[in-house]
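I opened this notebook to record what I looked up in one model, entry by entry. The structure is placed below for reference.

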Amino acid sequence: MSNKTNTPKDTHYAKLRRAHRDEKSGGAPAFRPRQPVPPGENAADGLVRLYGLHTVRAALDNPRRKIRKMLVTRNAAERLEIEDLAALPFKAELVEPRDIDKITGSDAVHQGVLIEAEPLKPKRLDALGDTRLVLVLDQVTDPHNVGAILRSAVAFGAGALITTARHSPQESGVLAKSASGALEHIDQIEVKNLADALGQLHEAGFQTIGLDSDGPAELETSFAGDRIALVLGAEGKGLRLKTRETVTTLARLDMPGAIRSLNVSNAAAIGLYAARAFLKRA
């Protein structure tokens, strides 16, 4: 058995030999990027696929969430602190990351875990409860934006997110991943007619404030009362005319800079922060 060790000189000559071989053979092998994997078939009817560590952890902790199946890597199971897959009350399978890629597509950041579950059932407006702060979305359709809005709503203690039954994204892996677990922590209320829903909020004592870049007053000076509903419209279109006519107040975010508008999820976060600060003083 040889105890020979490589010296810096040996390493140098080894590199030269490899370079010489590469030159004779036409150069070093070209880097081959990993080929993208497209998403697989959709989940069975009545089920949604949710993925990502925060998303799945929140789903596991939510007693209202009915999970049917889990695919999880060994590393993700450890991070989720799942010691025995067989002890879970649903089918769970230990897989490799590429097995989940085949389902979600390689562009999805699944972090080694995916579940198939029943969607959460939206609640009715009359189940709103005694919350003092809610968000209302007027046809915001991008699931990334709605997910980010859900995350901010939970962070600032909003009691519900109100959307229309049409022109709103359905629960999905993209929305849930963007929400980073918030999907499981806030009531979601679907309404058929937004103007009627705003009227019901008025009857329940809410001041409804529509965020609009051309609003006549600054948001911070517009708050009144002790129940607030912030109403946001889709990017580009903004609030619909009927919505603008129905809200209690139209207000703008004061932006002295060169850019006069924000992504709807950013506007929601700023509006929630300002509303929460006012309600703490009220």
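The entries that follow go from the whole chain to single residues.

**Entry 1: the chain as a whole**

I note at the outset that the model is predicted. I looked up the secondary structure and found 9 helices and 11 strands. The chain has 282 residues, and 42% of them count as buried.

**Entry 2: a sheet and the helix on it**

I asked in which order the strands of the open sheet run. The order is E1-E4-E2-E3, with 4 strands and mixed pairing. Strand E1 (48-51) and strand E3 (91-94) are the edge strands, as each pairs on one side only. From one strand to the next, the twist averages 15 degrees.

I next examined a helix on this sheet. Helix H4 (residues 97-104) packs on the sheet and touches E1, E2 and strand E4 (113-117). The direction of H4 makes about 45 degrees with that of E4.

I also looked at one pairing within the sheet. Strand E2 (residues 67-72) pairs with E3 in the parallel sense, over 4 bridges. Within E3, Leu94 stands opposite Val72.

**Entry 3: the nonpolar cores**

I looked up the largest nonpolar core and found 51 residues in it. Which of its residues touch the most other members? They are Leu150, Leu219, Phe223, Ile228, Leu230 and Leu232. Helix H9 supplies the largest share of this core, 8 residues.

Another core lies apart from the largest one.

I then listed the neighbours of Leu219, leaving out residues up to four places away in sequence. Leu219 touches Ile209, Leu211, Leu230, Ala251, Arg252, Leu253, Gly271 and Ala274.

**Entry 4: aromatic pairs**

I searched the whole structure for aromatic pairs, and the search finds 2. I followed up one of them, Phe156 with Tyr273. The ring centres of Phe156 and Tyr273 are 6.0 Å apart and the planes stand at 80 degrees, so the pair is edge-to-face. The cut-off used here is that planes over 60 degrees apart count as edge-to-face.

Where do the two residues lie? Phe156 is in the loop between helix H5 (143-155) and strand E6 (160-164), and Tyr273 is in helix H9 (residues 264-281), so the pair ties together parts that are 117 residues apart in sequence.

Phe156 is partly exposed, at a relative accessible area of 26%, whereas Tyr273 counts as exposed at 57%.

**Entry 5: positive phi values**

Gln111 has a phi near 55 degrees, a positive value in a residue other than glycine. I placed Gln111 in the loop between H4 and E4. Its relative accessible area is 33%, so Gln111 is partly exposed.

His167 has a phi near 60 degrees, again a positive value in a residue other than glycine. I found His167 in the loop between E6 and helix H6 (173-179). Is His167 buried, partly exposed or exposed? At 43% relative accessibility, His167 counts as partly exposed.

Definitions and conventions: Residues are numbered from 1 along each chain as its sequence is written. This is a predicted model: local features need pLDDT of at least 70, side-chain atom pairs count only at pLDDT 80 or more; totals for chains, interfaces and linings use all residues. Side-chain values use heavy atoms; hydrogens and water are left out. Rings of Phe, Tyr and Trp (its six-membered ring) pair if their centres lie within 6.5 Å; planes under 30 degrees apart count as stacked, over 60 as edge-to-face and the rest as tilted. Buried means under 20% relative accessible area, exposed over 50%, partly exposed in between (1.4 Å probe, protein chains only). Two strands pair if DSSP finds at least two bridges between them. Axes are lines fitted to C-alpha atoms, for helices over the stretch in contact, and angles run from 0 to 180 degrees between N-to-C directions. Contact means heavy atoms within 4.5 Å. A nonpolar core is a set of buried Ala, Val, Leu, Ile, Met, Phe, Trp, Tyr and Cys residues joined through side-chain atoms within 4.5 Å.
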